[in-house]
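Please view the sequence and the structure together while reading.

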Amino acid sequence: MRSVPGARLHFPACPHTCWFRCERVVQHGRYVSRSLAEYAAYLFDMDGTLTYHDQAIPGAARTLQILKEAGKHVLAVTNNSSLGQHALADRFRRFGLPLEDHEVFSALVATARLVAHESPGARVHVFGNPGLRSEIERRGLAVTDGTDADYLVVGNHRGITYDRLTTAMRALQHGARFVTVNMDRTYVGADGDLVPGCGVFAGALEYATGRAPDVVVGKPSITLLCEAASSVNTAAPDCLYVGDNPEADIGGAHAAGMSALLVLTGVASSADQSTEQPEYVLGSVADLAHVFSPT
Ligand SMILES: [Mg+2]
């Protein structure tokens, strides 16, 4: 096998001797022969893929830059349910990642897009942080603090009170469409320990009303990836999703109709652990740069 300096390359279940530009790897029992360089859009998971413990993965910034110089769409796709698009992009830029606001696509952004697409100008009760409210307003939707809402949208909510929970519950009882940014139980907080995730708030409302959410936008739902692809006007088969979690990322990409690249800088340490076999495996997102710039 020919190799590229600095690249750690892996071929899941490929019985052939081929080098990585050949890309002849197994996809659900059949071979694919598409080069890693041939996709129109590259969608990246954040934690464990582009970042780790609030730092950029070494080489991630260069990979993003090279993709952009090659005229590719790049999107950082995250389940984040707290920060608006600009605040989130700013956070990633502080890590040194060259991402413009429009290149950051969070479940929060996808939620606002989805509601605005389904029902332009709808009245929305926001049960979440100010970032969710501002994103809803930015899409031309009418925020209401009352129970007379077409939609109840749930995000991570640091300002939760008994009164706010009561109003949100009543909005659902009055028939509002129930949309949650994600169903994450927990995530890692600023102190490095776990804190309640958006799913805790949606779960409380589900328990109170006996109604499950009508739409879950974030991963592992495919809504987030489909909205992300739509945001760059690219069909799912022309998107490559890059992630570290075999179940959530690789499974999610396939469910959305996308090809998947597994990197080994987060949850997975080898492709063999994966029940969902990705089309491609690399040691790190940094190795993707070698596909476009071998030196
Ligand atoms: Mg991840």
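Two strands pair if DSSP finds at least two bridges between them. Helices (H or I, at least four residues) and strands (E, at least two) are DSSP runs, numbered from the N terminus. The model is predicted: local features need pLDDT of at least 70, side-chain atom pairs count only at pLDDT 80 or more, and totals for chains, interfaces and linings use all residues. Residue numbers start from 1 along each chain as its sequence is written.

The protein contains nine helices and 16 strands. Of its 295 residues, 48% are buried, a term that requires 20 or more other C-beta atoms, placed from the backbone, within 10 Å of a residue's own.

| Strands | Bridges | Partner residues |
|---|---|---|
| S9 (residues 151-154) and S10 (residues 177-180) | four bridges | Val153 and Val179 |
| S10 and S13 (residues 215-216) | two bridges | Thr180 and Val216 |
| S15 and S16 (residues 280-282) | three bridges | Leu261 and Tyr280 |

Helix H5 (residues 162-173) forms a right-handed β-α-β unit with S9 and S10. A crossover is right-handed if, with the strands pointing away from the viewer, the path from the first strand over the helix to the second runs clockwise. Helix H8 (residues 246-255) likewise forms a right-handed β-α-β unit with S14 and S15.

In strand S15, five of five residues are buried. Ser259, Leu261 and Val263 lie on one side of S15, with Ala260 and Leu262 on the other, and both faces are covered.

Methods
A residue is buried if 20 or more other C-beta atoms lie within 10 Å of its own, exposed if 12 or fewer, and partly exposed in between; C-beta atoms are placed from the backbone.
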